[in-house]
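Student: I would like to understand how the labels used for a structure like this follow from their definitions. Could we take them in turn?

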Amino acid sequence: YLEHPAVWYTAEGGVQALAPGAGMALLLFVLGVVASATMVIPGVSGSMVLMILGYYYGILNSVTGLLTSLKALDWAGVARGMLLLVPFGLGVLLGIFLIAKLINYLFEHFPTHTYCAIIGLIVSSPFAILYSAGVFSAGFSWGGLAVGLLLGAAGAVGTYFMGEKE
C-alpha cells in the first residue's frame, strides 16, 4: 500500500497525505456532503469541486490504494483505505438525501429564485472549469479568441440543425 499512498499535490507543488484520524474523518464526511450536492444540482461537477478544494487526488488515490491493498491482501492497507473512504461515502449518501430534500423545499417555496440559481450555476460552471484548468493564466491572445468564437458559432449552428424538427 505504501506504493500508492493517498497523496495530492498542492498548488505550491508540495505533497500532502490524507492520514486517517478523527479530524480527517469529519473533513471527509463534510467533503462527501459537498460532493453529493453536485450530483443533484445540475451544472456543477463533483470532481471539479473536489479539485478546487484540493482533495480530488487524495480521494482518488485512496480508492486506488484500497483496491491495490485488497488485491494484494494487505489488510492494514485495506483498513487504512476504509478509514478514509467510509466517512466520505457516508457523507455522500447523507448529502444526496439532504440536498434533494432542500432543493425540493426550495422549488416548492421559491421556484423562481431556485431556477435562477441553477441557471447561474450552469452558466458559470464552464468558467470555473477553465479557471481551475489554468486557461485564464495562460494569457489573452486575439487568435485564441477568434478560434473560440468560431468554434462556439459552429457549435451553435450544429446544435440548431440537430434540434430542428421537420
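Student: What makes tyrosine 57 count as buried, partly exposed or exposed?

Tutor: This is a predicted model, in which local features need pLDDT of at least 70 and side-chain atom pairs count only at pLDDT 80 or more, whereas totals for chains, interfaces and linings use all residues. Residues are numbered from 1 along each chain as its sequence is written, and side-chain values use heavy atoms, with hydrogens and water left out. Buried means under 20% relative accessible area, exposed means over 50%, and partly exposed is in between, with a 1.4 Å probe and protein chains only. Tyrosine 57 has a relative accessible area of 41%, so it is partly exposed. Tyrosine 56, at 23%, is therefore partly exposed as well.

Student: How many aromatic pairs are there by the rule for rings, and why is the pair of tyrosine 56 and tyrosine 57 given its name?

Tutor: Rings of Phe, Tyr and Trp (its six-membered ring) pair if their centres lie within 6.5 Å, and planes under 30 degrees apart count as stacked, over 60 as edge-to-face and the rest as tilted. The count by this rule is two aromatic pairs. The ring centres of tyrosine 56 and tyrosine 57 are 5.2 Å apart and their planes stand at 80°, so this pair is edge-to-face. Phenylalanine 107 and tyrosine 115 form a tilted pair, with 4.9 Å from centre to centre and 55° between the planes. Phenylalanine 107 has 28% relative accessibility and therefore counts as partly exposed.

Student: Which residues of H3 are buried, and what puts them on the same side?

Tutor: Gly58, Ile59, Ser62, Gly65, Leu66 and Ser69 are buried in H3. They cover an arc of only 120° around the axis, so they lie on the same side of H3, where the arc is that of the directions from the helix axis to the C-beta atoms. Leu67 and Lys71 are exposed on the other side of H3. Just after H3, leucine 73 takes a positive phi of about 55°.

Student: How many helices and strands does the protein have?

Tutor: The protein has six helices and two strands, and along the sequence they follow the pattern β-β-α-α-α-α-α-α.

Technical notes
Helix = DSSP H or I, 4+ residues; strand = E, 2+ residues; numbered from the N terminus.
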